[in-house]
Amino acid sequence: MSERRKTTKRNTPLISIVIPLYNEVESLPELYQQIINVVRENKYNYEIIFVDDGSDDGSLDVIKKIRKGDKNVKFISFRRNYGKSAALAVGFEHAKGDVIITMDADLQDDPREIPNLLKKLNEGFDLVSGW
């Protein structure tokens with residue numbers, strides 16, 4: 001008797017959005033909403049990974065509240081501040097996406113640029129950086 005393997009295919013690649021943050025309680029709801037607007041409008045398969053770098057302003061509570069309403073949101077929380085590089089490294093380790101996009105939590109990066117970044121990757125580039 002032969003065994004059939006059950007395979008699943010995603011219609012679209014998984015996009016991991018990694019967001020390191022430190023004390024960004026004010027901007028997190030707006031950032032999340034902007035990202036959600038873009039991923040829903042473009043029908044992206046996504047995960048959002050917030051990496052809280054030891055915030056003491058309630059940022060983690062906001063992330064947990066967001067997580068309750070969206071199973072695609074994940075978070076990692078450091079006990080103390082280790083810096084952006086450490087937060088990005090841990091976010092990359094946990095990302096499951098075919099594409100990883102980093103964003104600052106302070107609304108410095110515009111989520112509406114995500115389609116433009118992906119377009120360039122689809123043109124054959126290995127790495128795309130915005131400024």
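At what angle do helix α1 and α2 pack, and how far apart are their axes? In this predicted model, where local features need pLDDT of at least 70, side-chain atom pairs count only at pLDDT 80 or more, and totals for chains, interfaces and linings use all residues, the numbering starts from 1 along each chain as its sequence is written. Side-chain values rest on heavy atoms, with hydrogens and water left out. As for the two helices, α1 (residues 28-41) and α2 pack at about 35 degrees, and their axes are 10 Å apart. Axes here are lines fitted to C-alpha atoms, for helices over the stretch in contact, and angles run from 0 to 180 degrees between N-to-C directions. The α1/α2 crossing is right-handed; the label is right-handed if the near helix is turned clockwise from the far one by less than a right angle, and left-handed if anticlockwise. On the α1 side, L28, P29 and Y32 do the touching, and they meet S59, V62, I63 and I66 in α2. Contact means heavy atoms within 4.5 Å.

Stepping back to the whole chain, there are four helices and four strands, and they follow the pattern β-α-β-α-β-α-β-α along the sequence. Both kinds of element are DSSP runs numbered from the N terminus: helices are H or I with at least four residues, strands are E with at least two. The C-alpha trace spans about 55 × 40 × 25 Å along its principal axes. Of the 131 residues in the chain, 38% are buried, where buried means under 20% relative accessible area, exposed means over 50%, and partly exposed lies in between (1.4 Å probe, protein chains only). Among contacts with a separation of 6 or more, 75% come from residues 24 or more positions apart.

The strands make up an open sheet of four, in the order β3-β2-β1-β4, with parallel pairing. Since β3 and β4 stand at the edges with a single partner strand each, one side of each is left without a neighbour in the sheet. From one strand to the next, the twist averages 20 degrees. Two strands count as paired if DSSP finds at least two bridges between them. Eight bridges join β1 to β2, and I17 stands opposite I48 in β2. Four bridges join β1 to β4, again running parallel, and here I15 stands opposite V99 in β4.

Helix α2 (residues 59-69) lies across β1, β2 and β3 and runs at about 155 degrees to β3. Helix α3 lies across β1, β2, β3 and β4, at about 155 degrees to β1.

Which residues of helix α3 are buried? Within α3 (residues 84-94), they are A87, L88, V90 and G91. Viewed down the axis of α3, they fall within an arc of 165 degrees, so they line one face of the helix; the arc is that of the directions from the helix axis to the C-beta atoms. The cover over these buried residues includes β1 (14-21), β2 (45-52), β3 (73-77) and β4 (99-102). On the face turned away from the buried side, α3 carries the exposed residues S85 and E93.

The structure holds one aromatic pair. F78 and Y82 form it, edge-to-face, at 5.4 Å centre to centre and with 90 degrees between the planes. Rings of Phe, Tyr and Trp (its six-membered ring) pair if their centres lie within 6.5 Å; planes under 30 degrees apart are stacked, those over 60 edge-to-face, and the rest tilted. F78 counts as buried because its relative accessibility is 14%, whereas Y82, at 47%, counts as partly exposed.

N23, in the loop between β1 and α1, has a positive phi of about 55 degrees although it is not a glycine. N23 counts as partly exposed, with 26% relative accessibility. K43, in the loop between α1 and β2, likewise has a positive phi of about 55 degrees without being a glycine. K43 is exposed, with a relative accessible area of 67%.
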